[in-house]
Structure formats: C-alpha cells, structure tokens
Amino acid sequence: MRSIWNGAISFGLVSIPIKLVNATESHSVSFRQIHAEDGGRIRYKKVCELDGEEVPPAEIGRAYEEGDGSMIPVTDEDLAALPLPTAKTIEIVAFVPAGEIDPLQMDAAYYLSANGVPAAKPYTLLREALKRSDKVAVAKYALRGRERLGMLRVVDDVIAMHGLLWPDEIRAPEGVAPETPVNVRDAELDLADALMATLGEVDIHDLHDDYRAAVEEMIAAKAEGGEGVQAPEPGEEQGGGQVIDLMAALENSVRAAREARGEDAVVTELKPRGKPAPGEAEPKKRAAKKTATVAKATTARKRSTTARKTTKEPKEPKEPKGTKETTAKATSTASPSPSSSPSSSPSPTTTPRKKAPARKRSA
C-alpha cells in the first residue's frame, strides 16, 4: 500500500519512525458529467475571474478570504514557519479507555507501518503495551495543512489510527429529539425485545452493498445494448411510509425475521410486563373478585335477617289453662244472650252457682 505521510510516533522519549497508509477505500460507482445532447464530456477549467484566462496548476496559490471579500495570500513558506510540533510527529498525549471516545468523533482510518528495521522493536513495544493495558492512545498530528486529533488502537498485529474530530466540532443534538410526549407501552417494548432477539447477531463480512450491485448490473445491461433495470410498478409497496399500527408492524417484523432465519414464523402474543392484556383478566384477579362478591352477598343476607328479627312483634305471654277456662265460664254467666228476656227461665244447660257459706268471725 502506498504511504500518504511519513513521520514518527512520539511515545515519551521514544521515537518510532512510521508510514501512514489509508485503511479504507471507496467502492462507490463514480459517474462523469456529459452533455446530454451529444454525450460529450464536461470538463472544468480553472479561470481567473479578473482576466478570464485559464490558470495552470503551477500558478495557483491559496488565500484567506475576509468578511468583506478581500483576499489575504498565504504561502507554503508561511505555513512551514508556524511553530507546529506535530508537523511530522504523531504525539501521544494520553492513554484512556476506549469507551471514553465518542463514536461521533470518528473520522478517517489509517494503518501505521513501521518505517525500517530499527523501528520494528519500539513499534512492537507500543503495540503490546496497548494490548495489555486494554486502552487506546490519544494523539495529535498534522496532516494536509492542519493539526488533527487521533486515536491509536491495535487491529490484529497492526497499530491503527482513527482521525478524530475536535470536541467543539461535534454539534449538540438540540431540536432533534421528538418534542411531542410519547408513551411507549410495555407490550411494545416486549415485541421490540423479541425482534432484537430474533435478528440476533450477524457476521459483518456477510453484508454487502445491494445498491452498488444493482448499479453495476444496470450498467452491464446497458453496455450490452439492453434497457437496463425496469422501474418498480407504482402500486408496489415502497419503504419509508408512516407506521399506523406499531404493534402490528412489530409483530410482522418478528414474523418476517423468523421466516428469513428459517425458524417457526408463529408470533406468540406477549403479555405486558405490568398490566394484563386487553380483554384478558388474570386468574388471581378473577378469583379475588369472585370471593369479594360472595362475601358481600353473605354480609347483606346477615344484615337483612337481623333487621327482620328486630322489627317482629313480641309474643303475648301464655296463660295457665285453668285460669282461661274459669274466665270463660264467668263471662258466659254474667252476660245473658240478647234474644232472651229478663223473665225467662235460665237455660237448662246453665247450673246455678251455689252460695258459699259465710265465714265465721272469731271472737
């Protein structure tokens, strides 16, 4: 691989000569601009706006534009004279856990290669020290006319460096999160967990660029005189639509993921973590409700019985049989029948009462 920068890693008093090479490459299909009428190539010419003449690369310099539009020329000599200690050095300033680096700061990636045989020993020392400490090195370096921030870590047996954005280059996420309050139900979280578990893990090497493959297929078809790839019908489903029923979308996603993995596509309806599903009461809740209803009815019956006993009239006391018969006889003797006259003789069934003998008074 061709190096894009030569310098050294400054590790305390240890200097490690290295070469910087790109760790990534772009496989995107590039296009050229053409004249649509005749297919002629469109090229850009660098023209001076003062005299209208094309300027060759050797005569092109750089300048800083002020707010009023005036230009301040800046030469290579001006930049070389600046006190930039990292002009040819990757200066390690600290070792920190990898988790302290915000992924938002990640930029371009490079491999650091030992430059020459003498550099092999200190290069290996730094690599093994990074492995054993389970940390990454934060460094400063200069590339393409400006000082940058970098992170050094070990990839296999090579030290790799990720360019980092400066902290003040990361924008705060203000106004990005939804402003409308949203309530996410436990059942929806359960389905999301099920979808995550179904998707599982993936080997990153199995992923590929489907769009690039389609572009290359289309170009190959047109090169052979074909018409390329036919556009999809307007009626076909297209992604990016608004999700109306989130629960249904999650269930369909779980089903599709299981079918793609060759698993059983049946999606079991999950019960929410805290509350029973709509229309379905828990057995314990139903039993408790039934017990409470029975107890309430029993209490009501007891209260009704007690109230009836309280309002019932008390019974009259029973009289002795002898007293009742004597009272009846006295009543029939004292009260004559209304049909009889005063001179009529007594009824044959009536026996005259004998006079009781007078009691003798003692002297």
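Eight salt bridges are present in this predicted model. A salt bridge here is a side-chain nitrogen of Lys or Arg within 4 Å of a carboxyl oxygen of Asp or Glu. The model is predicted, and local features need pLDDT of at least 70, side-chain atom pairs count only at pLDDT 80 or more, and totals for chains, interfaces and linings use all residues. Residues are numbered from 1 along each chain as its sequence is written, and side-chain values use heavy atoms, with hydrogens and water left out.

Start with Arg-62 and Asp-76. Their side chains form a salt bridge, with N to O at 2.5 Å. Arg-62 sits in strand E3 (residues 62-65) and Asp-76 in helix H1 (residues 76-80), so the pair ties together parts 14 residues apart in sequence. Helices (H or I, at least four residues) and strands (E, at least two) are DSSP runs, numbered from the N terminus. Arg-62 is partly exposed, at 44% relative accessible area. Buried means under 20% relative accessible area, exposed over 50%, and partly exposed in between, with a 1.4 Å probe and protein chains only.

Arg-127 pairs with Glu-128 in a salt bridge, and their closest N and O atoms are 3.1 Å apart. Arg-127 is buried, with a relative accessible area of 13%. Glu-128 is partly exposed, at 37%. Lys-131 forms a salt bridge with Asp-157, the closest N and O atoms being 3.4 Å apart. Lys-131 belongs to helix H2 (residues 120-133), while Asp-157 is in the loop between strand E8 (146-155) and strand E9 (158-164), so this pair ties together parts that are 26 residues apart in sequence. Lys-131 is partly exposed, with a relative accessible area of 38%. Through shared partners, salt bridges join Arg-127, Glu-128, Lys-131 and Asp-157 into one network.

Two loop residues deserve a look here. Asp-156 lies in the loop between E8 and E9. Its phi is near 60°, a positive value in a residue other than glycine. Asp-156 counts as exposed, at 68% relative accessibility. Asp-134 lies in the loop between H2 and strand E7 (136-143). Asp-134 is not a glycine either, yet has a positive phi of about 55°. At 66% relative accessibility, Asp-134 is exposed.

Now turn to helix packing. The axes of helix H3 (residues 186-199) and helix H5 (residues 246-260) come within 9 Å and cross at roughly 20°. Axes are lines fitted to C-alpha atoms, for helices over the stretch in contact, and angles run from 0 to 180 degrees between N-to-C directions. H3 and H5 are therefore roughly parallel to each other. Angles under 35 degrees count as roughly parallel, over 145 as roughly antiparallel, 65 to 115 as roughly perpendicular and the rest as oblique. Residues of H3 including Leu-191, Leu-195 and Leu-199 meet residues of H5, among them Leu-250, Val-254 and Ala-257. Contact means heavy atoms within 4.5 Å.

Strand E2 (residues 14-22) holds Ser-15. Beyond its neighbours within four places in sequence, Ser-15 is in contact with Ala-8 and Ile-9.

Finally, the whole chain. Its secondary structure comes to seven helices and nine strands. Of its 363 residues, 15% count as buried. Among contacts with a separation of 6 or more, residues 24 or more positions apart account for 60%.
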